[in-house]
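Visitor: I would like to be taken through a protein model, one question at a time. Please keep the answers plain.

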Amino acid sequence: MGQDQTKQQIEKGLQLYQSNQTEKALQVWMRVLEKTTDPAGRFRVLGCLITAHSEMGRYKDMLKFAVVQIDTARELEDPDYLMESYLNLARSNEKLCEFQKTISYCKTCLNMQGTTVSLQLNGQVSLSMGNAFLGLSIFQKALECFEKALRYAHNNDDKMLECRVCCSLGSFYTLIKDYEKALFFPCKAAELVNDYGKGWSLKYRAMSQYHMAVAYRKLGHLADAMECCEESMKIALQHGDRPLQALCLLCFADIHRSRADIQTAFPRYDSSMSIMTEIGNRLGQIQVLLGVAKCWVIQKELDKALEGIEKAQELAEGLGNKLGLLKLHCLCEGIYRTKGQQRELRDHVVKFHECVEEMELYCGMCGESIGEKNNQLQALPCSHFFHLKCLQTNGTRGCPNCRRSSMKPGFV
Ligand SMILES: [Zn+2]
Ligand SMILES: [Zn+2]
């Protein structure tokens, strides 16, 4: 298969893919991969296969194609191709929750001497790196990366990237419990979709709606949460977007749990868990197990709760997800207090505080914790973040954590 035919067949696959005939598109692309004699065409078709497998949640296949793509890029001896393929490798690892690897491949990307074309990828590299830091609960570094990604998006007028960063910022603020910001950023993403997204894939709309749903639930606006989550799920089902389906099911379950409707929550947690397991989203599995454990606690089935917590703890330790561990210790504390088991209770209190220390989850101004309850936060340009009220009453000294920057609020 020569250059022209390769190009034509890739295009044919794209059209099939865009009209939701995913399996047919994959067949066409796989044939190109097998038959083409054009290395640049091979590189492109691998890119298509990587994107498609990512969207379907087939992350292990995504990783396999990314590795082949790197070899192809080396053959082509083109720095732009090489950087793009390393970004794909980083992303595959991010999806598989291999956060340390993600960060190291992102650093490889950023150190590459590409041309201006590949410099435009820096924003996406920063986003992926930020997501990985978030998975490891290294919050300041995550925020630094998101801010960088946002700057690239603005400088290159890249609205799609901006939209994705806003969704990640939604996750960030959900985790450290500034629920106003957790809602603000996904709303901003939804606005971008409305204003610029006519030609975009619907997944951007679905993604922003999902993140809005999460924030609405945390704020206690359950009807709004339900509406956004339903909208997101509808698109996820139409597109066979398994990863998003799993997240929506988790969100539905959490909404029902918030309504104390445990019987409706359980089957949704189960469905979410089976997809999370199938696609290998271990971070998602921790969330599901946490939700289920909270349901058991509500039903006063403490031993069943502890069973799930143990599984979640193993996963969180494996991933290096410290915030997950913190939440689990917190839940255990309550359970052992109820059971009156003092020794276990003390163990978990100690471990809980170790997690807080490690994540530096306290405000450098008042010394109080961050992320324990809903609190308004503000980041400085150095990406250190504080209680908003502490910054407002603190005058104009430099950042109390690093002392290096002005007190002007950063824009995330
Ligand atoms: Zn404070
Ligand atoms: Zn600072």
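This is a predicted model: local features need pLDDT of at least 70, side-chain atom pairs count only at pLDDT 80 or more; totals for chains, interfaces and linings use all residues.

Visitor: Which residues coordinate the zinc ion (ligand 1), and is C390 buried or exposed?

Guide: The zinc ion (ligand 1) is held by C363 and C366 through SG, H387 through ND1 and C390 through SG, at 2.1 to 2.3 Å. C366 sits in the loop between helix 19 and strand 1 (377–379), while C390 belongs to helix 20 (residues 388–392), 24 residues apart from it. The relative accessibility of C366 is 34%, so C366 is partly exposed. C390 has 9%, and the limit for buried is under 20%, so C390 is buried.

Visitor: What is the geometry of the site of the zinc ion (ligand 1)?

Guide: Its donor residues follow the spacing C-x2-C-x20-H-x2-C along the sequence. Four donors count as tetrahedral if all angles lie between 85 and 135 degrees. Here the angles among the four donor atoms run from 97 to 119°, and the site is tetrahedral.

Visitor: Which atoms are the protein donors of the zinc ion (ligand 2), and what arrangement do they make?

Guide: The donors are C382 (SG), H384 (ND1), C399 (SG) and C402 (SG), and they lie 2.1 to 2.3 Å from the zinc ion (ligand 2). The angles they subtend are 108 to 111°. These angles fall between 85 and 135 degrees, so the arrangement is tetrahedral.

Visitor: How many residues apart in sequence are the parts that H384 and C399 tie together?

Guide: The donors of the zinc ion (ligand 2) are spaced C-x1-H-x14-C-x2-C. H384 is in the loop between strand 1 and strand 2, and C399 is in the segment after helix 20. H384 and C399 are both buried. Because of where they lie, the pair ties together parts of the chain whose separation in sequence is 15 residues.

Visitor: What is the volume of the second largest pocket, and which residues are closest to its centre?

Guide: The volume of the second largest pocket is about 320 Å³. It is lined by 16 residues, and those closest to the centre are Q140, M359, E360, H384 and N401.

Visitor: Which helix gives the most to the lining of the second largest pocket?

Guide: At least two lining residues come from each of helix 9 (139–155), helix 19 (342–359) and strand 2 (385–387). By domain, domain 2 (241–361) and domain 3 (363–412) each provide at least three. By type, the lining has seven nonpolar, five polar and four charged residues. The element that gives the most, with three residues, is helix 9.

Visitor: Where is S383, and is S383 buried or exposed?

Guide: S383 is in the loop between strand 1 and strand 2. Phi of S383 is also positive, near 75°, in a residue other than glycine. The relative accessible area of S383 is 1%, so S383 is buried.

Visitor: What distance separates the C-alpha atoms of M365 and N394?

Guide: M365 lies in the loop between helix 19 and strand 1. M365 has 22% relative accessibility, so it counts as partly exposed. Along the sequence M365 and N394 are 29 residues apart, and from C-alpha to C-alpha the distance is 8.2 Å.

Visitor: How far apart in space are R259 and S272?

Guide: R259 is placed in the loop between helix 14 and helix 15 (262–279). With 40% relative accessibility, R259 is partly exposed. R259 and S272 are 13 residues apart in sequence, and their C-alpha atoms are apart by 19 Å.

Visitor: What separates the C-alpha atoms of L250 and L119?

Guide: L250 is part of helix 14 (residues 242–258). At 6% relative accessibility L250 is buried. L250 and L119 are 131 residues apart along the chain, and the separation of their C-alpha atoms is 37 Å.

Technical notes. Residues are numbered from 1 along each chain as its sequence is written. Chains are lettered from A and ligands numbered from 1 in the order in which they are written. Side-chain values use heavy atoms; hydrogens and water are left out. On a 1 Å grid over the protein atoms alone, a cavity is a set of points where a 1.4 Å probe fits but cannot get out, and a pocket is an open set with protein on both sides within 12 Å along at least five of seven lines; lining residues have an atom within 4 Å of a point. Grid points are joined across faces, edges and corners, and a volume is the space filled by probe spheres set on the points. Helices (H or I, at least four residues) and strands (E, at least two) are DSSP runs, numbered from the N terminus. Ala, Val, Leu, Ile, Met, Phe, Trp, Tyr, Cys and Pro count as nonpolar, Asp, Glu, Lys and Arg as charged, and the others, Gly among them, as polar. Domain bounds come from an automatic or database domain assignment. Donors are N, O and S atoms within 2.8 Å of the metal (3.2 Å for Na, K and Ca); water is not among the atoms, so sites may look incomplete. Four donors count as tetrahedral if all angles lie between 85 and 135 degrees; four count as square planar and six as octahedral if opposite donors are over 155 degrees apart and all others between 65 and 115; anything else is irregular. Buried means under 20% relative accessible area, exposed over 50%, partly exposed in between (1.4 Å probe, protein chains only).
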